[in-house]
Amino acid sequence: MKMTAKRHKQTCRNRTNKLIQLGDIALTGRCGRCGASDMDIQKHHPDYDQPGLVQELCRGCHCAVHKELRKANPQPGLSTDQVAEISG
């Protein structure tokens, strides 16, 4: 049975969270793009097939990354807030 895209993303997020709990991924609490640390830092997965590959980004930078990705590969119907919500 083929996994849906939404399920695939959630599985990756779950595995990432487990890796964090086990100490295999150390989070810095800083945005890897702008260096901010005084705001909500989100986890960005550049590749959902690699749960150990995660980038810490502030909400603004996370939205900017997804905006750049949408320009490169448009997905009609997704707002910036929806992309941020999907991206966790």
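Biologist: Which residues make up the largest nonpolar core?

Modeller: Keep in mind that this is a predicted model. In soluble globular proteins, nonpolar side chains tend to be buried together. Two elements, β2 (55-58) and α2, each give two or more residues to this core. Its 6 members are Cys31, Ala36, Leu57, Cys58, Cys61 and Val65.

Biologist: What percentage of the residues in the protein is buried?

Modeller: A residue counts as buried when its relative accessible area is under 20%. The protein has 88 residues, and the buried share is 28%.

Biologist: Which side chain does a polar contact of 3.3 Å join to that of His44?

Modeller: Look towards α2, where the buried residues include Cys61, His62 and Cys63. The partner of His44, at 3.3 Å, is one of these: His62.

Biologist: What about His45? Which side chain makes a polar contact with it?

Modeller: His45 sits in the loop between β1 and β2, and with a relative accessible area of 5% it is buried. Beyond four places in sequence, His45 touches Cys12, Arg13, Thr16, Pro51, Leu53 and Val54. The polar contact is 2.9 Å, and the side chain on the other end belongs to Thr16.

Biologist: Which residues of α1 are buried?

Modeller: His45 already touches some of them, including Cys12, Arg13 and Thr16. Asn14 also lies in helix α1, but at 40% relative accessibility Asn14 counts as partly exposed. The buried residues of α1 are Thr11, Cys12, Arg13 and Thr16.

Biologist: How far apart are the end C-alpha atoms of α1?

Modeller: α1 has 18 residues, so at 1.5 Å a residue it should span 26 Å. The model agrees with that, putting the end C-alpha atoms 26 Å apart.

Biologist: Which residue just after α1 takes a positive phi?

Modeller: Step just past the end of the helix and check the backbone angle there. A phi of about 85 degrees belongs to Gly23.

Biologist: Now the charges. Which residue forms a salt bridge with Arg33?

Modeller: The structure holds 1 salt bridge. Its closest N and O atoms are 2.6 Å apart, and the partner of Arg33 is Glu68.

Biologist: How many residues apart in sequence are the parts that this pair ties together?

Modeller: Arg33 lies in the loop between α1 (5-22) and β1 (41-44), while Glu68 is in helix α2 (residues 59-72). Arg33 is partly exposed at 41%, and Glu68 is partly exposed too, at 44%. So the pair ties together parts whose separation in sequence is 35 residues.

Biologist: Last one: how far apart in space are Arg30 and Ile41, C-alpha to C-alpha?

Modeller: Arg30 is in the loop between α1 and β1, and its relative accessible area of 43% makes it partly exposed. Beyond four places in sequence, Arg30 touches Gly35, Ala36, Ser37, Ile41 and Glu56. Arg30 and Ile41 are 11 residues apart in sequence, and their C-alpha distance is 6.8 Å.

Terms used: Residues numbered from 1 in each chain as written. Predicted model: local features only at pLDDT ≥ 70, side-chain atom pairs only at ≥ 80, totals over all residues. Heavy atoms only, no water. Salt bridge = Lys/Arg side-chain N within 4 Å of Asp/Glu carboxyl O. Helix = DSSP H or I, 4+ residues; strand = E, 2+ residues; numbered from the N terminus. Buried < 20%, exposed > 50% of the residue type's maximum accessible area, 1.4 Å probe, protein only. Contact = heavy atoms within 4.5 Å. Core = buried A, V, L, I, M, F, W, Y, C linked by side-chain atoms within 4.5 Å. Polar contact = N/O pair within 3.5 Å; in protein donor to acceptor, adjacent residues only side chain to side chain. Expected span 1.5 Å × (residues − 1).
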